[in-house]
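Me: I have a chain to look at and would like to go through it by question and answer. Please show it first.

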Amino acid sequence: MADNMNGLKRTHYCGEVDGIGSEVVVGGYVQKVRDLGNLIFIDLRDRTGIVQLAFNDNTARDIFEKAASCRAEFVLMAKGTVDERSSKNPDLKTGNIEITVTDLRILAKAQTPPFEIQNETRVNEELRLKYRFLDLRRQPLQQNIIMRHNIAKAAREYYYKNGFIEIETPMMMKSTPEGARDYLIPSRVHNGKFYALPQSPQIYKQLLMIAGMDKYIQLARCFRDEDLRADRQPEFTQIDIEMSFVDVEDILQSTEGFINYLFKDVLDIDIPVPLPRLTYTEAMNRYGSDKPDTRFGMEITDISDIVSSCGFGVFTSAIENGGSVRGIVAKNAVSVLTRKEIDKLTETAKGIGAKGLAYIRWNDDEPTCSFGKFMTPDEMKAILNALGCEKGDVALIVADKNKVTLPVLGALRLNVAKKLDIIPEGFNFLWITEFPFFEYDEENDTWVAMHHPFTMPMDDCLQYLDSAPEKVFAKAYDLVLNGVELSSGSIRITDYELQQKMFRALGLTEEEIEAKFGFLVEAYKYGAPPHGGLGIGLDRLSMIMCGCDSLRDVTAFPKVQNASELMSECPAAVDKESLDILGISIIEKEK
């Protein structure tokens, strides 16, 4: 039988024991046992660190024998005196002391775990996720979870101090279009009808502004049924904000205040504000991305004017069809970007929409160029000068419509920078502003909204809503950190007539408007203050601040690629009786 805790009460966490000569009580998991015959040392671990327990000739025999029986991951409580450690460990916070134990309780024994609990591990991630409760005992993961807690705490502190009210919005709501598939919940009471889990609290937080709550915050749980990747989970948390009587500048400044407060409070790092800004158009033209990583250069250069009348048909036809010819230059890259590597980059470019990839590789006295035979010496010289390509450099060039050329070069830019290992450490924030309001859907030959339908167009663009959708830009903004989109937001439409016009511009019928947004449209009739907001991804922010590559490293119980959780084996089948109550039958899909 396991011991009990009677008479023992923890006084210190393992990593915080100090004060030589003092009596302490600690509790934790056995990290390691070293039995030297007449001496036994146990490393005891909790979420704050490790402390060494010492047992010697002066230890009561029953206590000594109990220590000898301990194994990895046993749960112990120990009482003893803090003494100076003879063989010190500079790698531990408590490496100068140990606890000479006078009382030891084995509170729980443990089987041999499927993998060793240690900071650095090469254990297969699938196995670690299957036993996530054990994986979470590792200090790096515990530190990540605690960091996430500290970020959430700082968010609440900052926004509370600035007059925001934390309000919970429903987890079960009406299904409304938000850009991804909803997770649906069948209703037992309303047979055949469904709730949806919120993709965001968008409509409710706007209703709160109409209700006069003025400044809202919520650490909101959101759900999107979409394919997963390293920076995406089906359920995630937003630091969700909405404010009344504000414009874009107010929201950006408030958010910058939070970022400045957060990084000082959690990491003791000063983030200078105001943060830099780029319009969407500038970001795409310079970096080929609306979430560019600007910690390094390699900006895109447009060489269309130089090659518009050259002898290379790939370039000239792209320009004649309304596209462009653009390139990036990787400085001093010839040793890394060999012909073989350029072939791989070409396949990458084709995989994301390009027809091919032209290149200049300047290794010898004269550059090697994939299209050189079509160029005159003067044209080649003009291209090299425009690109800033010199001996030792490699230039990569794409010719196509801008919607292909820019994102392909943006992706190649990141790919090459990682190969060259030129992306510096640090935290690089950037606002992206003035997003296009519409984007053209060639498949359906129509203009569709890039944002939710409550986003306010910029004032000087309203005249183009009906006549020239490509000229309409939104009062929308994204916050980017190290090339990752952290936040998206906008000023909202509050004028009833303008909202109706916007719905019509998006091709929604009166019936669709009423079915999807009727209650919000009705609310506008009773007066709505100007308002706007944004949602900051707590998970992504935590991932970057912790220096992790995946959201799984900052999520206690994450899903894997197919949206399942390996530990609990969800999603899982339910019994027929439960389905019958809901009026649901399962039709097996053909494999």
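**Cores and a helix pair**

Me: Which residues touch the most other members of the largest nonpolar core?
Reply: This is a predicted model. Its largest nonpolar core holds 87 residues. Those that touch the most other members are Tyr159, Ile239, Phe258, Leu262, Phe263, Phe429 and Leu541.

Me: Which helix gives the most to this core?
Reply: The helix in question spans residues 402-420. With eight residues, the one that gives the most is α12.

Me: Which residues is Phe263 in contact with, leaving aside its neighbours within four places in sequence?
Reply: Contact here requires heavy atoms within 4.5 Å. With those neighbours left aside, the partners of Phe263 are Asp268, Ile269, Ile271, Phe427, Phe429, Leu481, Leu541 and Met545.

Me: How many residues are in the second, separate core?
Reply: Val17, Ile42, Val101 and Leu104 are included in this second core. Its number of residues is 24.

Me: Why is α4 oblique to α15?
Reply: The axes of α4 (residues 139-161) and α15 (residues 538-545) come within 10 Å. Roughly perpendicular covers 65 to 115 degrees, and roughly antiparallel begins over 145. The pair is oblique because the axes cross at roughly 125°.

Me: What classes of residue make up the contact of α4 with α15?
Reply: From α4, Met147, Arg148, Ile151 and Ala152 meet Leu538, Asp539, Leu541, Ser542 and Met545 of α15. By class, the residues in this contact are six nonpolar, one polar and two charged.

How values were computed
Residues numbered from 1 in each chain as written. Predicted model: local features only at pLDDT ≥ 70, side-chain atom pairs only at ≥ 80, totals over all residues. Heavy atoms only, no water. Axes fitted to C-alpha atoms, helices over the stretch in contact; angles between N-to-C directions. Helix = DSSP H or I, 4+ residues; strand = E, 2+ residues; numbered from the N terminus. Parallel < 35°, antiparallel > 145°, perpendicular 65-115°, else oblique. Nonpolar A, V, L, I, M, F, W, Y, C, P; charged D, E, K, R; others polar. Core = buried A, V, L, I, M, F, W, Y, C linked by side-chain atoms within 4.5 Å. Buried < 20%, exposed > 50% of the residue type's maximum accessible area, 1.4 Å probe, protein only.
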